Amino acid sequence: MVAEVLVFVPSVSNFRRQWLTARLEDAQIAALAAEAAPGGQLPKMLRDELLQSAKVKAIAVKRTDSRRLILEEDMPSEIDASYDLRDASWLALIADALMVYAEPADRVIRVVGQPGFGAGLFIEVVMEEAPLHAAMIRYGLDILGLSILISIITAALVYLTLDTLLVKPMTKLTWNMVRFSARPEDPTRIIAPSGRRDEIGMAERELAAMQAELADTLTQKSRLAALGLAVSKISHDLRNMLSSAQLLSDRLSTVKDERVQQLVPKLLASLDRAIRLCARTLDFGQAHEVPPRRMKFPLAPLVVEVGEGLGLPRPERIDWSLDIEPDIHIDADRDQLYRVLSNLTRNALQALESKGEEGGEIVIAARREGSVTVIEVSDTGPGVPERAKAHLFEAFQSVARKGGTGLGLAIAAEVVNAHGGQISLIDNDGGATFQIVIPDVVVELKRAKRRSA
């Protein structure tokens, strides 16, 4: 409608100018007919008919020598307005056209224009404005009707375009989200992207990717929940079996053999740790690990136990080296840290065995950096495969060997995070090196206070 208004203003000005020009041409024809009459005199009836056909009250023509009034009839005593079409600017024409709608319709105007047939310098007429006013009203109504028709057609096209390109695709997206939310684990409810290249197509593709990831996550969570229930049942029965094994091991302590006396304490310690693990159901199938029971203890003996539990070193095959000062103490849950180091060392051991070469080495080094303990577990194996790096510490995502479960690193990461620490792969060239950073409990408490503040 705004565009139609911008078109209407100059068009109505042009209509007025053409209408007045037509009256001037009719008046000139009437003047030529009057001048052609014998003696230049016309009967009154013929004169009135010429003036009526030209819709004017008087006609005057200016020639080189004089200005002559050709025809006149009932000349009014006063002219309300005069307009000269010869040198009027387009702004003046627009303003004069709009004034026709604003001024009364009973005005008498004087119009001057260029003769259409070259007969004189200019032609001048006096006329009533009512016919022009009525013609412009009809023209405006015609433009209004045309504008409304064009607007309706345009609105219909815009509506259909928006409905096709935006409303229906957005309705489809909304309907799919509602349908998917009812059963997000159902992969058949994932939206199928239409292949569009605009923002709607991008939204469809991103929604499809998000729904697929969510469906996979929910499926995995369901498997983990089932696994947690199974582990709980297994832990119950396994704890009873280990308790029986512990009773039998206690009897071995009465055997006087020196070698038996050396192995029995280690066997009992391993059985005690296994029984506690089952009793607390600390497997990853549970929803979360229990909070760590932290205490200060020397790190080196714990690492020695990890090596003994895995049968390290293995002469002529795998070396086992420790770079830990005896006075290094760590603030952590001893059993949970044993699990972390045992999982990392077991992974390194399996990587060296899968390499199929002799002369491999596993090194565990530790140092204190202020109030933080840094532990590094490295090996000379083939390193972590590229495909496993992206989800290295996610459950069931980092399986790098046949027969693995993908839980070892996930358990280690969860335990370290529960201690307020970090675990990361810092080197993968010529073997893998994992770094564990565990702050003392005082540092972790200060961090927690800063976060809460």
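Buried means under 20% relative accessible area, exposed over 50%, and partly exposed in between, with a 1.4 Å probe and protein chains only. Keep that cut-off in hand for this tour of a predicted model, where local features need pLDDT of at least 70, side-chain atom pairs count only at pLDDT 80 or more, and totals for chains, interfaces and linings use all residues. Residues are numbered from 1 along each chain as its sequence is written, and side-chain values use heavy atoms, with hydrogens and water left out.

**Whole chain**

Show everything. The protein chain has eleven helices and twelve strands. Both are DSSP runs numbered from the N terminus: helices are H or I with at least four residues, strands are E with at least two. Of the 453 residues, 37% are buried. The accessible surface is about 26100 Å², and 59% of that belongs to carbon and sulfur atoms. Areas come from the Shrake-Rupley method with a 1.4 Å probe; for residues, only the protein chains shown count as cover.

**Stop 1: helix H10**

Select 408–418, which is helix H10. Eight of its eleven residues are buried. They are Gly-408, Leu-409, Ala-410, Ile-411, Ala-412, Ala-413, Val-415 and Val-416. What covers them? The cover includes H8, S11 and S12. Just after H10, check Gly-420: its phi is positive, about 75°.

**Stop 2: the sheet**

Now colour five strands in the order S7-S9-S10-S12-S11. They form an open sheet with mixed pairing; two strands pair if DSSP finds at least two bridges between them. Which strands stand at the edges? S7 (318–323) and S11 (422–427) do, and each has a single partner strand, so one side of each lacks a neighbour in the sheet. From one strand to the next, the twist averages 15°.

Zoom in on S11 and S12 (433–439). The two run antiparallel, joined by five bridges. Asp-427 has Thr-433 in S12 as its bridge partner. H10 packs on the sheet here, touching S11 and S12, and its direction makes about 125° with that of S11. Contact means heavy atoms within 4.5 Å. Axes are lines fitted to C-alpha atoms, for helices over the stretch in contact, and angles run from 0 to 180 degrees between N-to-C directions.

**Stop 3: aromatic pairs**

How many aromatic pairs does a search of the whole structure find? Two. Rings of Phe, Tyr and Trp (its six-membered ring) pair if their centres lie within 6.5 Å; planes under 30 degrees apart are stacked, over 60 edge-to-face, the rest tilted.

Select Phe-15 and Tyr-139. The pair is stacked, 4.5 Å centre to centre with 10° between the planes. Phe-15 is in H1 (2–35) and Tyr-139 in H4 (130–182), so the pair ties together parts 124 residues apart in sequence.

Next, Phe-393 and Phe-434. This pair is edge-to-face, at 6.3 Å and 80°. Phe-393 sits in the loop between H9 (386–389) and H10, Phe-434 in S12, 41 residues apart. Phe-393 is partly exposed at 26%, whereas Phe-434 is buried at 9%.

**Stop 4: charges over rings**

Arg-16 has its charged end over the ring of Tyr-83, 4.7 Å from the centre. Arg-23 does likewise over Trp-19, at 4.7 Å. The test: NZ of Lys or CZ of Arg within 6 Å of the ring centre and within 35 degrees of the ring normal.

**Stop 5: Glu-129**

Finish in the loop between S5 (122–128) and H4, at Glu-129. Is Glu-129 buried or exposed? Buried, with 2% relative accessible area. Leaving aside neighbours within four places in sequence, Glu-129 contacts Tyr-83, Val-100, Pro-104, Ala-105, Arg-107 and Ile-109.
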